[in-house]
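User: Could you walk me through reading this structure? I'd like the general idea behind each feature, then the case in hand.

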Amino acid sequence: MSKEPAAPPSTPDAPPALELCGIDKRFGAVHANRAITFAVAAGSSHGLIGENGAGKSTLMNIVYGFHCADSGEIRVQGRTVEIGSPQQAIAAGIGMVHQHFMLVENFTVLENVVLGVEGGALLAGGLAAARAELGRLARDYGLEVPLDAVVSELSVGLQQRVEILKALYRGAEVLILDEPTAVLTPHEADQLFAMLRRLRAQGKAVILVTHKLREIMAVTDRVTVMKQGAVVAEVATRETSPRGLAEHMVGRAVLLQVEKRPAQPGAELLSVKALEVRDRLGVARLKSVSFNLRAGEIVGIAGVAGNGQSELLEALAGTRAASRGEISFGGRDLVREQLDPRARRALGLAHVPEDRLRMGVVAGFSAADNAILGYHDAARFNRGGLRDEAAIRAACAAKMAEFDVRPPQPELRLAAFSGGNQQKLVLAREIDADPQVLLIGQPTRGVDIGAIEFIHKRLIALRDAGKALLLVSVELDEILALADRILVMNGGEIIGELARADATEEKIGLMMAGVRAEVSP
Amino acid sequence: MSAPAKLPRWAEFGLLPLINLAVALVVAGVIIKILGESPLAAFKLMATGALGTQEGIGYTLYYATNFIFTGLAVAVAYHAGLFNIGAEGQAYIGGLGTGLVCLYLGTWPFWVVLPLAVLAGAIFGAAWAFIPAWLQARRGSHIVITTIMFNFIAAALMTYLLVNVLIKPGQQSPETREFSTNAVMPAAHELFDKMGITVVATPLNLAFGLALVAAVGVWIFIWRTRWGFALRVAGANSAAAVYAGISPPRIIVGAMLISGALAGGLGLNELMGSQHRILMDFPSGAGFVGIAVALMGRNQPVGIVVAAVLFGALYQGGSQLSFDMPKINRDMVVVIQGLVILLCGAMENVFRAPLTALFARVRSGKGIE
């Protein structure tokens, strides 16, 4: 990733594009923002980084008018503004791209962009004017989007581009992006960064909210680190390093590279032969996939999201039916016997799903209830036909202690925990069941850096205890850090296999793009 | 951080329903004023009519019994993520089962008839809920639509049976003969009599006790058993249910069977307890009131019992009102009841947002650390 020359620093006496002075906000007992002071110059990009719950989202929501600060001042181009609603923020020239897009899926791009600023009762005139203006924006910033395509048919990367266009169309001079790469492939992320550099060069102020150090290093000029509601550091990106930032975020030294001994693979625990999965329309999403998992190894599945990894994981776990093929595990054929997830779990096949909130937990239930999900029929949680509430609570408290889940309150609703703590609880649930094979999808998606280190250590400990792990992740770094053997998927097939020692980012990247590996002699 | 603030429990389960009720009464008061009566006097009349006398209390609890059964039926389906609009039809068919036991086995001793009647009511009610449930689980037919339609089918079926099959020979009105005395639910005043306490005779009967037992049973089932847990998981997040090895189609069928069985309890109160025969349209809307009761009671058995008593009081107080205030006829009483259902049931969330905002402001103002 080549760095373009940074934009010329704005003249010293020009006021910052956005300036926050002493922003303070409490939610009940939680002091979410403590006297935050923060400034972004026009024509620069500024990273805002911190662990989940550090207060970055609250701060940005105050800037965008979702929340009202208890005290403090917001200045735009040196002028104090009152921002009580997103409309006022937009009027002040602040635009925001949310992590979860705010688009009407079955409208076209054009309709989405003009939504709320149609400019008159009849659409035709407004749409024509908008089309011309969007053409100009597309030229100026390299934001090409098919204007008449329906949003739901666009890739995630393009949908995000629509969000950026929406903000620019409304005259944003300050653009806030909240975790913009959480949903992007590495390639899409690179395109986004290129776009952000162009915006910066054109004099916009870009604020990037993230917890990924790589992104901060790649595109920002300055970076502000938040921890527990307060700013703990503000530095020029050039003068810092990922390690330095991580230490500021967590408040202690962090191991970015996981330490692990070479794998000592043992007996084959699970084997997959010619597995095929078709979707509801009969399209093959998984085409004749074969591989095996041995005791004491971590096999990583790399690939651009949507190339069959999710289908593979679900077919193995039993949440999706395979149409053909064989999964041998524990002396049984899981496909032919059509075993459901419960039966597979009983055989020792545990699963940490990719999308935690959609599948792995029930957000409205207590942590204790979530900690028994899938194991709720187990004798240890029931006594005489009734749930054993004391045992359920005690088991959850034990998991929370072992996996450092905070706050350690089994009664608390799961939604009240941060992403990292939710994931630690799910991991605790599946690891505590002492599985032979653990399927794990996106183990650190939406998880803060301190928790990532912890989760990686636990996964390696599980491997060293002689279990087999199948790891699906869109983070190539994670695959490279954890896996002993790497399978690359493209178009529903396993396109190549690499031992960790032979794997490089370039080789894997080529395979992810569909270039078959040469058969090694 | 940006998670919506939540109301404290006492406000969620106490204050919010009370605000809804108060607003409903204010609107009703305006209507009463327009009709030329004094709202305060009317409400006083309703309150004393429902709760001020032994007779009023008896009738209030008698109506409440029906609403507890149907409210619980709606709530169990709700926890499984299903909106059962068909409690009316399930209660109607369930009552048929109870009535048949009473008609044909009613000469057996009461303590034999009672469990059979309970069982038959439950089985018939569950059977009527099974078809929509199966259609939803296996064919994806929306349960709201099918259960509504099954209410009409139930009504047509019962009309046919009462007019052509079950009618007491030699009479005009489509009703069966009276149950034998062994198949009559002991009335509350008889039970009090045995304890040496004299109370006014009302239709209140043992079925009220059965309804309370059902409420306790539902609470235990939903919150304290693994089956209830599985049902709640399937209702809250069906993908997570599949992941956990819970089969959503099975939960749909199971929850609807329980829901229909609970609705089938209405016949115990209405037929065995009060009418002593099967007659046309005996659920008289209790299945629909059950929806409002479940909503107002937040689908919690305790809340449902409280809401059912409130609606029972509204029914009893309303009839008292139409007796004593000639300008307010029976239809106006239905309007007032409808307003309460509208504001407490259908529009129960209208005041949630402002109340939540108010609480958030009060709390942040104090800033407890």
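We'll take the overall build of each chain, then salt bridges, then a loop and a helix.

Analyst: Some ground rules to start. This is a predicted model, where local features need pLDDT of at least 70 and side-chain atom pairs count only at pLDDT 80 or more, while totals for chains, interfaces and linings use all residues. Residues are numbered from 1 along each chain as its sequence is written, chains are lettered from A and ligands numbered from 1 in the order in which they are written, and side-chain values use heavy atoms, with hydrogens and water left out.

User: Fine. How many helices and strands does chain A have?

Analyst: Elements here are DSSP runs numbered from the N terminus: helices are H or I with at least four residues, strands are E with at least two. Chain A has 17 helices and 22 strands. Its radius of gyration is 25 Å, close to the 24 Å from the globule rule for 521 residues, so chain A is as compact as a globular protein of that length. That radius is taken over C-alpha atoms, and the rule is 2.2 Å times the number of residues to the power 0.38. Along the principal axes, the C-alpha atoms of chain A fill a box of roughly 70 × 50 × 50 Å.

User: And what is the secondary structure of chain B?

Analyst: Chain B comes to 16 helices and zero strands. With a radius of gyration of 22 Å, close to the 21 Å that the rule gives for 369 residues, chain B is as compact as a globular protein of that length. Its C-alpha box is roughly 75 × 60 × 40 Å.

User: How do I read burial and surface, chain by chain?

Analyst: Buried means under 20% relative accessible area, exposed means over 50%, and partly exposed is in between (1.4 Å probe, protein chains only). In chain A, 53% of the 521 residues count as buried; in chain B, 50% of the 369 do. For surface, areas come from the Shrake-Rupley method with a 1.4 Å probe, and for residues only the protein chains shown count as cover. Chain A has about 22,000 Å² of accessible surface, with 52% belonging to carbon and sulfur atoms. Chain B exposes about 16,200 Å², and carbon and sulfur supply 69% of that.

User: How far apart are the centres of the positive and negative side chains in chain A?

Analyst: Lys and Arg count as positive, Asp and Glu as negative, with His and the chain ends not counted. Each charge is placed at NZ of Lys, CZ of Arg, CG of Asp or CD of Glu. In chain A, 59 positive and 63 negative side chains have centres 2 Å apart. In chain B, the mean positions of 21 positive and 14 negative charges are 14 Å apart.

User: How many salt bridges are there over all chains?

Analyst: The test is a side-chain nitrogen of Lys or Arg within 4 Å of a carboxyl oxygen of Asp or Glu. Over all chains, the search finds 39. One of them joins A:Lys166 and A:Glu163, with the closest N and O atoms 3.5 Å apart.

User: What's the helical angle on that pair?

Analyst: An α-helix has 3.6 residues a turn, so residues three or four places apart point the same way. Here A:Lys166 and A:Glu163 both lie in helix 5 (residues 156-169) of chain A, three residues apart. A:Lys166 is buried at 13% relative accessibility, and A:Glu163 is buried at 3%.

User: Which residue forms a salt bridge with A:Lys260?

Analyst: A:Asp484, with the closest N and O atoms 3.1 Å apart. A:Lys260 sits in the loop between helix 8 (242-250) and strand 11 (268-278), and A:Asp484 in the loop between helix 16 (476-482) and strand 21 (485-490), so the pair ties together parts of chain A that are 224 residues apart in sequence. A:Lys260 is partly exposed at 27%, whereas A:Asp484 is buried at 15%.

User: Now chain B: where is B:Asp281?

Analyst: B:Asp281 is in the loop between helix 12 (266-275) and helix 13 (286-296) of chain B, partly exposed at 45% relative accessible area. Contact means heavy atoms within 4.5 Å. Setting aside neighbours within four places in sequence, B:Asp281 is in contact with B:Glu88 and B:Tyr92.

User: Is helix 13 of chain B mostly covered or mostly open?

Analyst: Mostly covered: nine of the eleven residues in helix 13 are buried, including B:Val289, B:Ile291 and B:Met296. Just after helix 13, B:Arg298 takes a positive phi of about 55°.
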